[in-house]
Amino acid sequence: SLPPEGLPEIAFIGRSNVGKSSLLNKLSGASALAHVSEKPGRTQQLVFFQAGRGEDAFMLVDMPGYGFALAKDETVASWQALCAHYLRT
């Protein structure tokens with residue numbers, strides 16, 4: 001299930017293994033906020049990070065990539081469905 005709505009969200013979605021998690025780390029100034037792997041398909045769920053404080057707070061969302069992934073077809077299908085649901089809501 002998705003967290004309750006509240007703060008504005010900026011979601012990062014793209015092909016597998018292109019650097020979405022690395023970009024989140026660079027934007028946040030934290031070297032290990034989002035897990036970075038050299039193997040495609042390691043982000044397998046929506047990962048939410050709060051950024052900013054007070055009225056300036058917002059959420060960064062690390063989304064699973066699409067395309068090639070080192071995961072079972074059923075697993076890939078389940079996270080693709082989750083991403084589609086998230087983007088529709």
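Ile13 sits in the loop between β1 (9-12) and α1; helices (H or I, at least four residues) and strands (E, at least two) are DSSP runs, numbered from the N terminus. Ile13 counts as partly exposed because its relative accessibility is 43%, where buried means under 20% relative accessible area, exposed over 50%, and partly exposed in between (1.4 Å probe, protein chains only).

## About the model

This is a predicted model, in which local features need pLDDT of at least 70 and side-chain atom pairs count only at pLDDT 80 or more, while totals for chains, interfaces and linings use all residues. Residues are numbered from 1 along each chain as its sequence is written, and side-chain values use heavy atoms, with hydrogens and water left out.

Lys20 belongs to helix α1 (residues 20-28). What is the nearest side chain of opposite charge to this buried lysine? That is Asp62, 5.9 Å away, and Lys20 has no salt bridge (a side-chain nitrogen of Lys or Arg within 4 Å of a carboxyl oxygen of Asp or Glu). For charge, Lys and Arg count as positive and Asp and Glu as negative, with His and the chain ends not counted.

Beyond four places in sequence, the contacts of Lys20 (heavy atoms within 4.5 Å) include Ile13, Asp62 and Pro64. Ser21, also in helix α1, is buried because its relative accessible area is 9%. Asp62 is among the contacts of Ser21 too, along with Ala34, His35, Val36 and Thr43.

## Inside: the nonpolar cores

The largest nonpolar core has 6 residues: Phe12, Leu24, Ala34, Phe49, Ala51 and Leu60. Such a core is a set of buried Ala, Val, Leu, Ile, Met, Phe, Trp, Tyr and Cys residues joined through side-chain atoms within 4.5 Å. A second, separate core of 5 residues includes Leu46, Val61, Cys83 and Tyr86.

## Glu9 in strand β1

Glu9 is part of strand β1 and, at 33% relative accessibility, counts as partly exposed. Leaving out residues up to four places away in sequence, Glu9 touches Phe48, Met59, Val61 and Tyr86.
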